[in-house]
Amino acid sequence: MDPFKFDRRNFLKIFSLTTLSALLPKKNGWADDFRNDKNIPKQYVQNRDTPDFHIRSANPFLGVDMQSWGLAIGGMVKNPIGLAYEDLFGLKMHSQISRLKCVECWSAKAKWEGFRFEELLKQVQPDPSAKYVYIQSADSYYESFALEELLRPRVLFVLRMDGQPLSRDHGFPLRLIMPSKYGYKNIKYITSIKFLDSRKRNYWSNNGPYSVDGTIQPGVDHPLDLDKKPLPINGGEVFHYFDERPTTRRGAVIPPH
Ligand SMILES: Nc1nc2c(c(=O)[nH]1)N[C@H]1C(S)=C(S)[C@@H](COP(=O)(O)O)O[C@H]1N2
Ligand SMILES: [Mo]
């Protein structure tokens, strides 16, 4: 069944709050680990260099179980909601061709289809003081944004890639695409979106040398934009510091910003 063929009028059968609480992960409603099977078989989602579009997944993961999947949106909002997969196809769709660039020096382009963040804002009505957004995913990954960043042009909550529903490896059922930021900000397998009045850290600033901001720095393969000691990165170039500023091995100095 092609979810795009759903009748628009039947959309937005927004869950009751009881259904919503059943959807939410157990601990405090916002647990960090959603994986229901730690005994992962061979065909799990993992880092893989496929010819068309590499796959990057920090933790072994079976893929989202659609029996229990729902999108929970809450935190500092007037109207917390839970949306089913079908509900998402009732939102206004946009399409764009954009490139995803990983910090590990590869990038790939695809056609993405999805909805804009405004669509969710209209429904939940965040408090004026909720200036930050924390997004969690089914594989225990998490990202953190200023609300304003999610409203920028060409930021999409994506359901389809190259004319098909997202594949399991590329983030089914729902991922973020934000072309101005490195791949790691483009969170896959989204399960919850929480509005907050302070900025939380993201997975890769807690587990590696990458910043919460993650804005792509032009003219270099990858930056180390934290003030930590530079580290070699698998599959990429090793960074050196020169006059406090990182350079590539080819010597291109990252412009101050
Ligand atoms: N949930 C989740 N999202 C994630 C990741 C992850 O490990 N888990 N990896 C990130 C990284 S580092 C990159 S480069 C992109 C890669 O997207 P792709 O696997 O579709 O190529 O996904 C990002 N989103
Ligand atoms: Mo990445």
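**View 1. Ser107 is partly exposed, because its relative accessibility is 33%.** The model shown is predicted, so local features need pLDDT of at least 70 and side-chain atom pairs count only at pLDDT 80 or more, while totals for chains, interfaces and linings use all residues. Residues are numbered from 1 along each chain as its sequence is written, chains are lettered from A and ligands numbered from 1 in the order in which they are written, and side-chain values use heavy atoms, with hydrogens and water left out. Ser107 belongs to strand S4 (residues 107-115). Helices (H or I, at least four residues) and strands (E, at least two) are DSSP runs, numbered from the N terminus. With neighbours within four places in sequence set aside, Ser107 has contacts with Arg99, Leu100 and Lys101; a contact means heavy atoms within 4.5 Å. The side chains of Ser107 and Arg99 also form a polar contact of 2.9 Å. A polar contact is a pair of N or O atoms within 3.5 Å; within protein, one must be able to donate a hydrogen and the other to accept it, and residues adjacent in sequence count only if both atoms are side-chain atoms. Asp52 is 55 residues from Ser107 along the chain, and their C-alpha atoms are 9.9 Å apart.

**View 2. Ligand 1 takes up the space of the largest pocket.** There are 20 residues around ligand 1, and those that come nearest are His54, Ala58, His170, Arg175 and Lys188. A residue is near a molecule or strand if one of its heavy atoms lies within 4 Å of it. A nitrogen atom of ligand 1 lies 3.0 Å from a backbone N or O atom of Asn186. Taken alone, ligand 1 exposes 530 Å², and the protein buries 98% of that. Accessible areas come from the Shrake-Rupley method with a 1.4 Å probe; for residues, only the protein chains shown count as cover. Pockets and cavities are found on a 1 Å grid over the protein atoms alone: a cavity is a set of points where a 1.4 Å probe fits but cannot get out, whereas a pocket is an open set with protein on both sides within 12 Å along at least five of seven lines, and lining residues have an atom within 4 Å of a point. A molecule sits in a cavity or pocket if more than half of its atoms lie within 2 Å of its grid points.

**View 3. Helix H3 (residues 117-124) is largely enclosed by the rest of the structure, because 6 of its 8 residues are buried.** The buried residues are Phe117, Glu119, Leu120, Leu121, Gln123 and Val124. Gln125 follows H3 and has a positive phi, near 50 degrees. The C-alpha atoms of Gln125 and Lys78 are separated by 5.4 Å, although the two residues are 47 apart along the chain. Lys78 lies in the loop between S1 and strand S2 (81-83), and counts as exposed because its relative accessibility is 65%. Beyond its neighbours within four places in sequence, Lys78 is in contact with Val124, Gln125 and Asp127.

**View 4. Asn59 sits in the loop between helix H1 (17-23) and strand S1 (71-75).** Asn59 is buried, because its relative accessible area is 15%. A polar atom of the Asn59 side chain lies 3.3 Å from the backbone oxygen of Asp139. Ser140 is in the loop between strand S5 (132-137) and strand S6 (142-146). Ser140 is also buried, at 10% relative accessible area, and has a positive phi of about 70 degrees although it is not a glycine.

**View 5. A cis peptide bond joins Phe172 and Pro173.** Its omega is about 10 degrees. Pro173 lies in the loop between strand S8 (164-165) and strand S9 (175-177). Tyr189 is found in the loop between S9 and strand S10 (190-196). Tyr189 is not a glycine, yet its phi is positive, near 50 degrees. At 0% relative accessibility, Tyr189 counts as buried.

**View 6. The protein as a whole has 5 helices and 12 strands.** Of its 257 residues, 49% are buried.

Methods: Buried < 20%, exposed > 50% of the residue type's maximum accessible area, 1.4 Å probe, protein only.
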